[in-house]
Amino acid sequence: MEGLNNLRVSEVNIYPVKSCAGIALTSGRVVDTGFEHDREWMIVDGEGNFITQRQHPKLALVSVILFPGGVRLAAEGRSPLDVPILIEGTRIQTEVWESPCIGIDQGESVESWLTDFMGRQARLIRMAPDFKRPVKEKYQSEKKEVVGFADGFPFLLISEASLEDLNSRLAEKLPMNRFRPNIVVAGGTPYQEDAWQKIKIGDVVLRAAKPCSRCEITTVDQATGEKGIEPLETLGTYRTKPKGIMFGQNLAHEGPGTIAVGDPVELL
Amino acid sequence: MNPSWQKAKIVKSAPASFDIRSLVLKPESYIPYRAGQHYELRMPGSDISRKYSIASSPYEPGDSLEFGVQLIRNGVLSPQLWGLAEGSEIEIRGPLGESFVWDADASGPLVLLGAGSGITPLLSIYRAYRFKYPHGTCAFVMSAKDASRIMHYDALKDILITRFTATEERIDLGFLKDPVGALAKNPQALFYICGPDGFIDEMVDNVLELGALEANVKSEKFT
Ligand SMILES: Cc1cc2nc3c(=O)[nH]c(=O)nc-3n(C[C@H](O)[C@H](O)[C@H](O)COP(=O)(O)OP(=O)(O)OC[C@H]3O[C@@H](n4cnc5c(N)ncnc54)[C@H](O)[C@@H]3O)c2cc1C
C-alpha cells in the first residue's frame, strides 16, 4: 500500500545562528522559512561577507540558547552574552551563495564578543523583518518559497540509514551532527532520500528540491572545532555526482505546520 | 590515506595573473598525486588552514608542487601566502580529494570549463592529459573578467577558448554549442568544471543538456 512504511522522524534540529551549534527539539514549528528560528541570525565580517565554519571551524563551539526576544551565545571560558533582538539598526547588505540578503546589525556588545572569540572583526546580523529571501529561482516551485540564512533551502533531511552506510566505510564512525540536518529519519534504506519527490510529515507537505552537495564543514568535529579530512574523502569515492559530493536532501515545504520527533514520514 | 601535516619550502613565488600568484612548494616528503587533487595549506603553528588545488602535472619531473593562489581582500590566509618570501616554510597536508581526479587511462576527449581561480585543477588535468595524450582532443574553456585575470595567460592563450565578462557575454548554452556540442555526444568525453557555485550549477546543466553522460561530468567548488 502506498505510503505504508516504517519511516519516522528521529531528530528535529535548528541552527538559530548559522554555523554555530544547533539545538535539538522534540517538535518544531514550521513557518514560511522552514523551522522557526532556523538560521535567523548569521555572522559577517567587517565587509559584510558571511563567515561560517569553513573559514572558522571553532564556531562549532559557540552554543546558542533561545529566549523570548533574543538569543544567548556561550563558549567555554567566556561569559555568556544575551543578545536581545534589535528590529531597527544598521541594515547590512550581504550574500549567501550569490543570493542577496539584508540583515540588521545586532549591536556592539555582540560584535565585541564575537570579535574577541574569533580574533577577527565579526558582527551578528538578524534577517531584516521586512526582507524575504526567495529560494533560488531555478529551484523554486510556483509557491515561491522563501528561506532564512540557510545555504539555499528551508530544510535538510538525512536518513540514519545513509549515515550507517557511510560509517560502515569509515575507520572512525561519525555522528549525524557533522551534516547539520534539520530532520533525521529512522528506518528504510541508505540514500532513499535521493529518490524522494514529495513527502508528508505531520501536517507539512515537503518537496525534494535538490540533493545537498557537501563542503568542508562536514570535516569539522562539532565537539572540538577541529578540522579533519573525513568524511569528504570517503564520500568522494562513491557519492560524487556532476554537481558535487552528495549527502542528504534539501526540501521546501507547501505551508506552515508542525514536525515532531516520532512523526511518521509518508511518501506521496 | 590520511596524510598528515608536513613542512614545505617555498621555492618560487611569482605573479601569474592580476590576482593569482604562483607558488611552487617543495614538500619535505613528496607524495605522488593525481591530477585534480588538492592540498591543505597553513602557516607554521597556525590552526587556520585552507585548501588549494594543485596546478602542476603529476608527470612533471622533480618533486615540487605548483599552486595558484588568488588574493582575497580581507581574507585570512591568501594575503599571508602572497606575502611569503622564497625560502620560507609553510605546512601542508595532502594530496586530498577523490571526487575531481582525472584518471590517466582516460584517453578520450577532454572538456575543461573554468572560471577565475577555478583554473588551477584544470591546469593540472590539462598538463597531465597533454603529457599522456599529446594529440588528444581537448577543449579548455575559461570565463574571466579579462585576460589579466587568467593564470599563466601568455602560455595558455593559444589553446584557451575564452569569454571575458568585462566586455563579452557570460558563457551560456549557445556559446558552448560550438566548442563542446560535438564532444558532449561522445560517450568517451570527460567534463571537468571548476568555479563559483553558480557557474558550476549552470555549466553542469549546460553540458548535460548538450548530451554529456552524467557519469562523465565532475565539478569542484572552492567554497
Ligand atoms: C577543494 C578546494 C580547492 C581550492 N583551490 C583553490 C585554488 O587553487 N586557488 C585559490 O585561490 N583558492 C582555492 N580554494 C579556496 C581557498 O581554500 C580559500 O577559500 C581562499 O583562498 C580564501 O581564503 P582566505 O583565508 O584568504 O579567505 P577567508 O578568510 O576564508 O575568506 C574571507 C572572505 O572572502 C570570501 N571569499 C573566500 N573565497 C572567495 C573567493 N574565491 N572569491 C570571493 N570571495 C571569497 C569569503 O566568503 C569570506 O567572506 C579552494 C577551495 C577548495 C575547497
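Visitor: Are B:Phe100 and B:Tyr192 buried or exposed?
Guide: B:Phe100 and B:Tyr192 are both buried. Buried means under 20% relative accessible area, exposed means over 50%, and partly exposed lies in between, with a 1.4 Å probe and protein chains only. Two remarks on the source of these values. This is a predicted model, in which local features need pLDDT of at least 70 and side-chain atom pairs count only at pLDDT 80 or more, while totals for chains, interfaces and linings use all residues. Residues are numbered from 1 along each chain as its sequence is written, chains are lettered from A and ligands numbered from 1 in the order in which they are written, and side-chain values use heavy atoms, with hydrogens and water left out.

Visitor: What makes B:Phe100 and B:Tyr192 an edge-to-face aromatic pair?
Guide: Rings of Phe, Tyr and Trp (its six-membered ring) pair if their centres lie within 6.5 Å; planes under 30 degrees apart count as stacked, over 60 as edge-to-face and the rest as tilted. For B:Phe100 and B:Tyr192 the centres are 5.3 Å apart and the planes are at 80°, so the pair is edge-to-face by the rule.

Visitor: Why is this pair said to tie together separate parts of chain B?
Guide: B:Phe100 lies in the loop between β6 and β7 (110-115) of chain B, and B:Tyr192 in strand β10 (residues 190-195) of chain B, so the pair ties together parts that are 92 residues apart in sequence. Helices (H or I, at least four residues) and strands (E, at least two) are DSSP runs, numbered from the N terminus.

Visitor: What makes A:Arg126 a charge over the ring of A:Trp41?
Guide: A charge sits over a ring if NZ of Lys or CZ of Arg is within 6 Å of the ring centre and within 35 degrees of the ring normal. A:Arg126 lies over the face of A:Trp41 at 5.9 Å from the ring centre, so the distance passes. In chain B, B:Arg42 lies over the face of B:Trp5, at 3.9 Å from the ring centre.

Visitor: Why is strand β11 of chain A called mostly covered?
Guide: In β11 (residues 123-127) of chain A, 5 of its 5 residues are buried. A:Arg123, A:Ile125 and A:Met127 point one way, and A:Leu124 and A:Arg126 the other way. In a regular strand the side chains alternate between the two faces of the sheet.

Visitor: How do you know that β11(A) pairs with β5(A)?
Guide: Two strands pair if DSSP finds at least two bridges between them. β5(A) and β11(A) are joined by 4 bridges and run antiparallel, so they pair. One bridge partner in β11(A) is A:Arg123, for A:Val44. Strand β10 (residues 99-105) of chain A also pairs with β11(A), antiparallel, over 3 bridges; there A:Gly103 has A:Met127 as its partner.

Visitor: What makes B:His152 partly exposed?
Guide: B:His152 has a relative accessible area of 22%, so B:His152 is partly exposed by the rule. Its phi is also positive, near 55°.

Visitor: How do you know that A:Glu47 and B:Arg73 form a salt bridge?
Guide: A salt bridge is a side-chain nitrogen of Lys or Arg within 4 Å of a carboxyl oxygen of Asp or Glu. The closest N and O atoms of A:Glu47 and B:Arg73 are 3.5 Å apart, so the pair qualifies. Across the interface of chain B and chain A the rule finds 7 salt bridges.
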